[in-house]
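Student: I would like to learn how to read a fold from its model. Where do we begin?

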Amino acid sequence: MGRPSAREQILDAYQDILIESGSAAVTLDAVAARAKVSKGGLLYHFGSKDALLDGLLDRLLRLTAADVSYARTAPEGVVRYYLLSSVTDADMTKPAHRASIAALRLLGSEPKVTDAMNEVGRLWSELLAGHVGDPLTAEIVGLLGDGLYLRATLGGQAPQPLLDRLPEALRRLGLS
């Protein structure tokens, strides 16, 4: 695999700074230095900090859309894929997780982030609703996945008994 484009390197650097140090540490100079590009090179791709944020949120939505698209044809089925990946994808080596964590560092200070995170939730909710006959059950599955993701993100133990007994949990929800 080749070297990422300068634009991708800049977005990676922006994400890294947000994840490691938060929004107060983000300056155009810091992002350029971290990306190993000149400030002019950064400004060529992203004319402002706001443009960097737009790039990050675009990346997050593209990665989510790709994951949702994969889930539609996942061999284990949409619901099982969603729940299992809620645990396995909460890993800092996963690009979508890194984009999510970076964006979440800006939640509350940037309205665009709230909009983007709501869009991520909407994409998954629509997919689940289309594969689960009952809207309430689809919402419960979504919330279960959110909880699994949060627990895994916080570094807690994956609720292995739940994952081991996923077929039973899905049966109780009427989804087996």
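Tutor: Begin with the elements: helices (H or I, at least four residues) and strands (E, at least two) are DSSP runs, numbered from the N terminus. Here the protein chain follows the pattern α-α-α-α-α-α-α-α-α-α along the sequence. That comes to 10 helices and zero strands. This is a predicted model: local features need pLDDT of at least 70, side-chain atom pairs count only at pLDDT 80 or more, and totals for chains, interfaces and linings use all residues. Residues are numbered from 1 along each chain as its sequence is written, and side-chain values use heavy atoms, with hydrogens and water left out.

Student: How do I read a pair of packed helices?

Tutor: Two packed helices are described by the angle between their axes and the distance between the axes. Axes are lines fitted to C-alpha atoms, for helices over the stretch in contact, and angles run from 0 to 180 degrees between N-to-C directions. Take helix H1 (residues 6-21) and helix H4 (residues 49-72): their axes come within 10 Å and cross at roughly 95°. H1 and H4 are therefore roughly perpendicular (65 to 115 degrees; under 35 is roughly parallel, over 145 roughly antiparallel, the rest oblique).

Student: Which residues of H1 and H4 make the contact?

Tutor: Contact means heavy atoms within 4.5 Å. H1 supplies residues including Ile10, Leu11, Tyr14 and Leu18, and H4 supplies residues including Leu52, Leu53, Leu56 and Arg59.

Student: Is Leu18 buried or exposed?

Tutor: Buried means under 20% relative accessible area, exposed over 50%, partly exposed in between (1.4 Å probe, protein chains only). Leu18 has 0% relative accessibility, so it counts as buried. Across the protein chain, 38% of the 176 residues count as buried.

Student: What does Leu18 touch beyond its neighbours within four places in sequence?

Tutor: Leu18 is in contact with Ser23, Val26, Leu56, Ala102, Arg105 and Leu106. Arg105 lies 87 residues from Leu18 along the chain, yet their C-alpha atoms are separated by 6.4 Å. For the chain as a whole, take contacts between residues at least 6 apart in sequence: 67% join residues at least 24 apart.

Student: Which helix gives the most to the lining of the largest pocket?

Tutor: H8 does, with 10 residues. Other elements that give two or more include H4 and helix H7 (111-131).
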